[in-house]
Amino acid sequence: MKGISTLFPTLLLTPSPPSSPNPKPKASLSSVQLPETSAHLTRCILISVTGSKYRWRICFQLRILSNSHLDTSKTPFTRLLSQGKRSRSNCTVRATTLSASREASNEPSQGVHESSSEPSKSKRVMVIGGDGYCGWATALHLSKKGYEVAIVDSLARRLFDQQLGIDSLTPISSIHDRLRCWKALTGKSIELYIGDICDFEFLTDAFKSFEPEAVVHFGEQRSAPYSMIDRSRAVYTQNNNVIGTLNVLFAIKEFGEECHLVKLGTMGEYGTPNIDIEEGYITITHNGRTDTLPYPKQASSFYHLSKVHDSNNIAFTCKAWGIRATDLNQGVVYGVRTDETEMHEELINRLDYDGVFGTALNRFCVQAAVGHPLTVYGKGGQTRGYLDIRDTVQCVEIAIANPAQAGEFRVFNQFTEQFSVNELAALVTKAGEKLGLDVQTTSVPNPRVEAEEHYYNAKHTKLIELGLKPHLLSDSLLDSLLNFAVKYEDRVDKKQIMPSVSWRKIGAKPKTVAA
């Protein structure tokens, strides 16, 4: 066919013991041609190669689309990539890499979990967004705990850095190098599915192949400032987050009715009400009648609104379809180190300090390390729940180990302590002085639309009751985070520190980044 380019998946080779001393290499190729229509031609190709050292399985689907169907085929991610340019033909490839232990159900099991302390049959957990800040730490933690883990990721977060001219404080390796390193260090394989969950056919392939018993869903555009850059980023955020989650819900309904969804929500859904924030639900007595209802939502960005839509969609499908789901309304995460990411430099996690993806405490520590005044927005009374990234992975594990019942939509508020921005700045200043750093603070005009002084008291007892042992913010932890920032201070681009996105000035015109 004219105009078709070939795209090869990157392979993650999985060592597999030979079944006999000198096995003969075998290769098989199967191709299934589906009916051709004027819209598209689909060809599925399966290649399986077995040799003396490696067993590989490559599964990919090639779709060739006619010119008249290009727009309807694009997911929010590919639409963002295209920047409005249309080629005469379009070719997309979904690539899936599978570990040898799941090559075929009729072959002897040769899994990598050989420790006698691990269960004989590990629970299969799919981590969507497993290449990101929370997802990467969680995937490694679950793998080390004996779960059979698969990562599903479009790698869009890395693209955002390229688009905006920003970078992680830490040098992060490619997802393939990360997984090869993890395998070499631990003997544990993590399967990898690279693709966009807004593409339901890709997600279907991943579900059918891996057959998850639990899905941990981090796979969303997670920055409020990013969603407020311009119209295109606002639309992308809502399309990507809401449609992606809807696809996950449909995949569970169709291919894994017993699968437990552990969804990362946000405390930002609640806003800052002048009453206590309950965990998901509130009991109200009105005109003599009492009912327990979802806690009112007051989202403060297009990102937070997408999370509210997600929560409503999940609650509805739990009621209508009997899906079991846990919504983890997470506070602001800080830190970078977990037991697993410290094992090797290629496993190191990303740490964002810029005005778009950086979170308050991480940003303050980097600012202190490079001698930049701590940037307090407005009056600095904005109070939120915070938690260490080590507690993020612990909370997810607890939710998986204690699944929701069929038809139950649970909500846990996932944070360990509350701080105002001014309180965080004072803590960082004190810790910095102990290290000999001259830490100053400056108040900058608040780019957001939010209350700068307010009441805030959020409940967070359910995870504690299930066994969460929090890592509270201590002087030693702040010292560690500051020393970490100092170690990589030569990677800091000071031009990226100040906020550049305004809630009130967002417009329809695409916003570009000056070099």
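Colleague: Let's start with one side chain: does Glu 450 count as buried, partly exposed or exposed?

Modeller: Keep in mind that this is a predicted model. The idea is to look at relative accessibility, where under 20% is buried and over 50% is exposed. Glu 450 comes out at 25%, so it counts as partly exposed.

Colleague: And where is Glu 450 found?

Modeller: Look in the loop between strand S19 (441-444) and helix H13 (462-465).

Colleague: Which residues is Glu 450 in contact with, leaving aside its neighbours within four places in sequence?

Modeller: Those are Gln 382 and Arg 384. With Arg 384 there is a polar contact, side chain to side chain, at 3.2 Å. The side chain of Glu 450 also makes a polar contact with the side chain of Asn 446, at 3.0 Å. Now try Thr 272: Glu 450 is 178 residues from it in sequence, yet their C-alpha atoms are 8.7 Å apart in space.

Colleague: Back to Arg 384, then. What is its bridge partner in S18?

Modeller: General idea first: strands of a sheet pair through backbone hydrogen bonds, either parallel or antiparallel. Here the partner of Arg 384 is Phe 419. Strand S16 (residues 383-388) and S18 run antiparallel, joined by four bridges.

Colleague: What is the strand order in that sheet?

Modeller: S14-S16-S18, an open sheet of three strands with mixed pairing. S14 (332-334) and S18 (417-420) each have a single partner strand and stand at the edges, so one side of each has no neighbour in the sheet. On average, neighbouring strands here are turned by 45 degrees against each other, direction ignored.

Colleague: Which helix lies across S14 and S16?

Modeller: That's H11 (residues 389-401), running at about 80 degrees to S16.

Colleague: How do I read the packing of H3 against H11? At roughly what angle do their axes cross?

Modeller: With two helices, take the axis angle and then the handedness. The axes of H3 (residues 133-144) and H11 come within 9 Å and cross at roughly 60 degrees. That angle makes H3 oblique to H11, and the crossing is right-handed.

Colleague: Which residues make the contact?

Modeller: From H3, the list is Tyr 133, Cys 134, Ala 137, Thr 138, His 141 and Leu 142. H11 brings in Ile 389, Thr 392, Val 393, Val 396, Glu 397 and Ile 400.

Colleague: Where does Asn 287 lie?

Modeller: In the loop between strand S11 (281-286) and strand S12 (289-294). Its relative accessibility is 70%, so Asn 287 counts as exposed.

Notes
Residues are numbered from 1 along each chain as its sequence is written. Side-chain values use heavy atoms; hydrogens and water are left out. Two strands pair if DSSP finds at least two bridges between them. Axes are lines fitted to C-alpha atoms, for helices over the stretch in contact, and angles run from 0 to 180 degrees between N-to-C directions. Contact means heavy atoms within 4.5 Å. Buried means under 20% relative accessible area, exposed over 50%, partly exposed in between (1.4 Å probe, protein chains only). A polar contact is a pair of N or O atoms within 3.5 Å; within protein, one must be able to donate a hydrogen and the other to accept it, and residues adjacent in sequence count only if both atoms are side-chain atoms. Angles under 35 degrees count as roughly parallel, over 145 as roughly antiparallel, 65 to 115 as roughly perpendicular and the rest as oblique. A crossing is left-handed if the near helix is turned anticlockwise from the far one by less than a right angle, and right-handed if clockwise.
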